[in-house]
Amino acid sequence: MYRVKEAFYTLQGEGAQAGRAAVFCRFSKCNLWTGREKDRASAVCNFCDTDFVGTDGQNGGRFESPEALARHVRSLWPNAPGKPYVVCTGGEPLLQLDTALIEAFHREGFEVGVETNGTLPAPAGIDWLCVSPKADAPVVVEACDELKLVYPQPLAMPERFLHIRASHYFLSPMASPSAPEGSVDGVKQSNTHLATEYCLAHPQWRLTLQMHKIIGID
């Protein structure tokens, strides 16, 4: 069974695929935080602002087979020209995403993108792999299409991950997990300046901003 918090059609907001239409399939559960506020202080990743607990989100649910979930995701793609693209995210999608589901997505015509923290091996068949390391969690993925690092993390600075082979290296400024929606986030403003300075000093890295939040979409 696959447990999905939410699934929705939107534009990719960050990284090399920014601006591309995609169905986001957000899986429940993560191996670095329970998703419950009472556990944040002791979590390996304690800055996440995403709700991935349960299956009660937009188009969320439990799916008994890879075919059932792939059909569900396909139903969210418009009947229009353009290559269907699904982004499997979380939580941590590799706790659930497997070869059978990837193949089911492919049969429905999708390219399959994955956003992972890199602590679990990636199954075969993924078309676009984005790794986003967190804190001092061990990263087992050694190559990916895109390395996207939330910055700054004292225990996960960019130089620690230069051994990972990637086509693209991005820094995403860390936001405050407690900033109200639509408010001015002073923490993110400061971290955007720090990330900008780092990219100027280390041009292997590029700055990426959360376009979906800037323009106000899912």
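Student: Where does Cys30 lie?
Tutor: This is a predicted model. Cys30 lies in the loop that runs between β2 (21-27) and β3 (61-63).

Student: Is Cys30 buried or exposed?
Tutor: Buried. Its relative accessibility is 18%, so Cys30 falls under the 20% cut-off.

Student: Which residues is Cys30 in contact with?
Tutor: Beyond neighbours within four places in sequence, Cys30 is in contact with Phe52, Gly91, Glu92, Leu95 and Asn117.

Student: What does UniProt list as "binding site"?
Tutor: Cys30, Cys45 and Cys48, in an unreviewed entry. They are spread over 19 residues of sequence but cluster in space, with a largest C-alpha distance of 10.7 Å.

Student: Take Cys48. Where does that one lie?
Tutor: In the loop between β2 and β3. Cys48 is buried, at 17% relative accessible area.

Student: And what does Cys48 touch?
Tutor: Trp33, Arg40 and Pro177, leaving out residues up to four places away in sequence.

Student: New topic. In the largest nonpolar core, which residues touch the most other members?
Tutor: Leu69, Phe105 and Leu147. That core has 41 residues.

Student: What does Phe105 touch?
Tutor: Not counting residues up to four places away in sequence, Phe105 touches Leu69, Ala70, Val73, Val86, Cys88, Leu97, Phe110 and Val112.

Student: Which residues does the second core include?
Tutor: Among them are Cys30, Trp33, Ala43 and Val150. This core is separate and has 11 residues.

Note on methods:
Residues are numbered from 1 along each chain as its sequence is written. This is a predicted model: local features need pLDDT of at least 70, side-chain atom pairs count only at pLDDT 80 or more; totals for chains, interfaces and linings use all residues. Side-chain values use heavy atoms; hydrogens and water are left out. UniProt positions are given in the numbering used here, feature names are shortened, and annotations may be inferred rather than shown by experiment. Helices (H or I, at least four residues) and strands (E, at least two) are DSSP runs, numbered from the N terminus. Buried means under 20% relative accessible area, exposed over 50%, partly exposed in between (1.4 Å probe, protein chains only). Contact means heavy atoms within 4.5 Å. A nonpolar core is a set of buried Ala, Val, Leu, Ile, Met, Phe, Trp, Tyr and Cys residues joined through side-chain atoms within 4.5 Å.
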